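Please read the following points alongside the model.

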Amino acid sequence: MNFVFISPHFPSHFFHFVTALRERGVTVLGIGDAPYESLRQELRDSLREYYFVPSLHDEDALTRAAGYLTWRHGRLERIDSLNESWLEVEARLREDFHVPGLHPADIHRMRSKSGMAQVFQQAGVPHPDLIRVRDAAQVKEFATRVGYPLVLKPDVGVGAANTFKVASDADVDAALAHPLPTTYVAQPFVRGTIVTYDGIVDRHGVIVFTLSHEYSDGGMETVVERRDISFWSHLEIPPALDVLGRQVVAAFGLRERWFHLEFFRLPDGRFVVLEANLRPPGGFIPDMMNYTCDIDVYRLWARVMTGDPVADFRYTPRYHVCHSARRHGRRYLHSHDEVVKRLGPAFLLHRELPPIYHSLLGEEMYLSRHTDLDAMQDAVRFIQATKK
């Protein structure tokens, strides 16, 4: 199998996906915007060939790269990046080179928030009302129907970038004093806890692995208010969430893909879906999954992509694995050394995060593993405690 992996060097831990494919005898061909000599050795050793392009936004350059790799290695059988930013590029290349997978006609409903809302509605999955908006008048009219506060966000976007809340007509006028830079959607602001439904679906549409994570805060609040976010794995998926998650996966008709679905758990315990992401969960959650279940999701995904049997795959969530973030410039009560000592055997990893993660995740993170939820929450409070 000739597998083109776009941007195999970023995020940094994605090299594990490439090495897992190579272990299964796949010819992995990389296209990226980092010079070859800058790639880590494990990645270079796992790539049969690497084609450098100055910018992954240059679609003509990507077409030339894929054409060159076809000339060199024969028919391309898979093209992927596992990255939200390149979904449209992947789809166009698949169509141009007759590669299975999502094509441009599929992308709008799977990437735009308005397209997702249509799928959720057709599948009968509860979700907040949503409309596309161009000006203040449309937002105000929507507010007369659903009430304030509202959230305004790009129809196509990653994370909480360029997202904001409005609580009155005056807020709308101030926020939309200048034309919106792109197509936006408006939704009611939902008061609830973000809970995810994450996993992998095989080429037959069967979910072979799934896990759930809970966030301390929403992405918008974390970015706008610069909160210290934390998130952790559940040992059990609530049955109602599992039912809705499976409905969404089926409604999108996903095949050979990761999925990362975000839900709100409302105060009364009900779940409403927020959005669907066709990629692994962000940050270091794939590693958190491995620590939670003592498995290797990188190798599991590679087995799915090569069509190898996964009927023998078994897993049991054993630990609450938690990501706790801290921000540079904030005065924390406990030093790094004190945190490591306090965590003891529960300490898994400390890492400075790349700048692209700073607005949402902060500048540094700790991973820790706990069998008891209360102990995990105590550890998070210790890590994130600030000086008065």
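1. The C-alpha centres of domain 2 and domain 3 lie 29 Å apart. The division is into domain 1 (2–109), domain 2 (129–187) and domain 3 (193–384), with bounds from an automatic or database domain assignment. This is a predicted model, in which local features need pLDDT of at least 70, side-chain atom pairs count only at pLDDT 80 or more, and totals for chains, interfaces and linings use all residues. Residues are numbered from 1 along each chain as its sequence is written, and side-chain values use heavy atoms, leaving out hydrogens and water.

2. The largest nonpolar core has 52 residues, of which Phe-5, Phe-17, Leu-21, Phe-209, Trp-258 and Trp-301 touch the most other members. Such a core is a set of buried Ala, Val, Leu, Ile, Met, Phe, Trp, Tyr and Cys residues joined through side-chain atoms within 4.5 Å; buried means under 20% relative accessible area, with a 1.4 Å probe and protein chains only. Helix α12 (residues 297–305) gives the most to this core, 7 residues. Domain 1 and domain 3 both contribute residues, so the core lies between them. A second, separate core of 26 residues includes Ala-91, Tyr-197, Leu-241 and Phe-259.

3. Not counting residues up to four places away in sequence, Phe-5 touches, among others, Phe-17, Leu-21, Ile-31, Asp-80, Ser-81, Leu-82 and Trp-301, where contact means heavy atoms within 4.5 Å.

4. Glu-90 is found in helix α4 (residues 87–96); helices are DSSP runs (H or I, at least four residues), numbered from the N terminus. Glu-90 is buried, with a relative accessible area of 0%. Leaving aside neighbours within four places in sequence, the contacts of Glu-90 are Ile-6, Asp-80, Ser-81, Leu-82, Asn-83 and Arg-257.

5. Helix α11 (residues 285–293) is mostly covered, with 8 of its 9 residues buried. Among them are Asp-287, Met-288, Met-289 and Asn-290. Asp-294, which follows α11, has a positive phi, near 55°.

6. Helix α13 (residues 336–343) and helix α15 (residues 373–384) pack at about 170°, with axes 10 Å apart. Axes are lines fitted to C-alpha atoms over the stretch in contact, and angles run from 0 to 180 degrees between N-to-C directions. The pair is therefore roughly antiparallel, the term for angles over 145 degrees. Glu-338, Val-339, Arg-342 and Leu-343 in α13 meet Asp-378, Ala-379, Phe-382 and Ile-383 in α15. By class, this contact has 5 nonpolar, no polar and 3 charged residues; Ala, Val, Leu, Ile, Met, Phe, Trp, Tyr, Cys and Pro count as nonpolar, Asp, Glu, Lys and Arg as charged, and the others as polar.

How values were computed
Helix = DSSP H or I, 4+ residues; strand = E, 2+ residues; numbered from the N terminus. Parallel < 35°, antiparallel > 145°, perpendicular 65-115°, else oblique. Buried < 20%, exposed > 50% of the residue type's maximum accessible area, 1.4 Å probe, protein only.
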